[in-house]
Amino acid sequence: MTYAINEKLYENIKIICLNGFDNEAKPLQLMEKVWENFDFPMHCPEHHFLIPAVLLTVYRRLKNDDKEILGKDLIIAEERAKNILAGFCGWYGVCGAAVGSGIFLSLLTDTSPYSTEKWALANRLTSECLRDIAALGGPRCCKRTCFATLEATMKFMKNKMNLDLGEMPDIRCSYSENNLECRKESCPYYFRPIDSSPMIALGDMSNKNTKFHL
């Protein structure tokens with residue numbers, strides 16, 4: 001199955017990230033800002049770029065790097081992410097969100113196919129993201145896999161690279177009404193109205209984001 005790339009969505013991700021660089025936004029905040037766009041589908045390969053984009057934005061700001069460096073990073077990340085086809089999770093057995101985390105770490109460590117320790121590190125991060133994604137089970141959900149990937153990546157960066165990208169709050173997702181395959185109570189991020197614990201509610205239930213693409 002083919003999927004027509006929506007260049008406007010990629011451009012919107014870059015714009016939001018570059019603005020977020022100045023506003024000190026956190027990875028989760030940047031991701032949610034992108035999803036506020038009513039044209040951003042529930043499921044789409046643009047999520048594969050979204051993950052490295054938000055992570056690179058926060059990383060470059062924390063390292064006090066120039067915004068121009070981030071701009072170059074985003075262009076490279078976009079080029080690589082576009083190689084991750086729609087439906088990669090099911091047809092190839094590798095979720096594009098997890099690969100996005102590998103793109104992020106590969107870029108910031110300047111990893112190549114000829115690297116040694118850095119090569120192993122990038123693949124280890126991707127594998128840990130895939131492990132957590134697989135533990136949640138299918139079917140597909142780009143929102144669920146992005147949440148899991150952010151959590152795994154932020155934990156990995158803190159434990160393995162001594163870099164704190166910020167605290168990941170408990171997540172209460174409210175995109176379920178837009179997801180025909182939502183696992184409801186079987187998903188740890190599912191919105192539970194009876195739960196009164198302090199959490200962050202993500203998504204706008206009025207969002208007309210009802211396009212269902214692979």
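The dialogue below goes through the features of one predicted model.

User: What kind of model is this, and how are residues numbered?

Analyst: This is a predicted model, in which local features need pLDDT of at least 70, side-chain atom pairs count only at pLDDT 80 or more, and totals for chains, interfaces and linings use all residues. Residues are numbered from 1 along each chain as its sequence is written, and side-chain values use heavy atoms, with hydrogens and water left out.

User: What does pLDDT say about the protein chain?

Analyst: pLDDT is the predictor's confidence in each residue, from 0 to 100. The protein chain averages 88, and 88% of the residues score at least 70. Over residues 196-201 the pLDDT stays under 50, and the model has 9 contacts there beyond four places in sequence; contact means heavy atoms within 4.5 Å. Residues 204-214 are also below 50 in pLDDT, with 38 contacts in the model beyond near neighbours in sequence.

User: How many helices and strands does the protein chain have?

Analyst: Helices (H or I, at least four residues) and strands (E, at least two) are DSSP runs, numbered from the N terminus. The protein chain has 8 helices and 2 strands, and along the sequence the pattern is α-α-α-α-α-α-α-α-β-β.

User: What share of the residues is buried, and what is the case for helix H2?

Analyst: Buried means under 20% relative accessible area, exposed over 50%, and partly exposed in between, with a 1.4 Å probe and protein chains only. Of the 214 residues in the protein chain, 49% are buried. Helix H2 (residues 27-35) is largely enclosed by the rest of the structure, because 7 of its 9 residues are buried. These are Pro27, Leu28, Leu30, Met31, Glu32, Val34 and Trp35.

User: Which residues have the most contacts inside the largest nonpolar core?

Analyst: A nonpolar core is a set of buried Ala, Val, Leu, Ile, Met, Phe, Trp, Tyr and Cys residues joined through side-chain atoms within 4.5 Å. The largest one here has 61 residues, and Met31, Trp35 and Phe104 have the most contacts inside it. Among the elements that each supply at least two residues of this core are H1 (7-23), H2, H3 (47-62) and strand S1 (171-173). H3 gives the largest share, 9 residues.

User: Which residues make the nonpolar surface patch?

Analyst: Patches are made of residues with over 30% relative accessible area and no salt bridge; like charges are joined within 9 Å, and nonpolar side chains (Val, Leu, Ile, Met, Phe, Trp, Tyr) within 5 Å. Accessible areas come from the Shrake-Rupley method with a 1.4 Å probe, and for residues only the protein chains shown count as cover. Leu85, Trp91 and Tyr92 make a nonpolar patch of about 370 Å². Leucine 85 sits in the loop between H4 and helix H5 (88-91) and is partly exposed at 42%.

User: How many salt bridges are there, and which residues do they join into one network?

Analyst: Side chains of opposite charge can pair when their charged atoms come close. A salt bridge is a side-chain nitrogen of Lys or Arg within 4 Å of a carboxyl oxygen of Asp or Glu. The structure holds 12 of them. In one, lysine 67 pairs with aspartate 22, with the closest N and O atoms 2.6 Å apart. Lysine 67 lies in helix H4 and aspartate 22 in helix H1, so this pair ties together parts that are 45 residues apart in sequence.

Another joins glutamate 68 and lysine 72 (3.8 Å, N to O); these two lie 4 residues apart in helix H4, about one turn of the helix. Glutamate 68 and lysine 72 are both exposed. Salt bridges that share partners join Glu7, Glu11, Lys14, Glu78 and Lys82 into one network.
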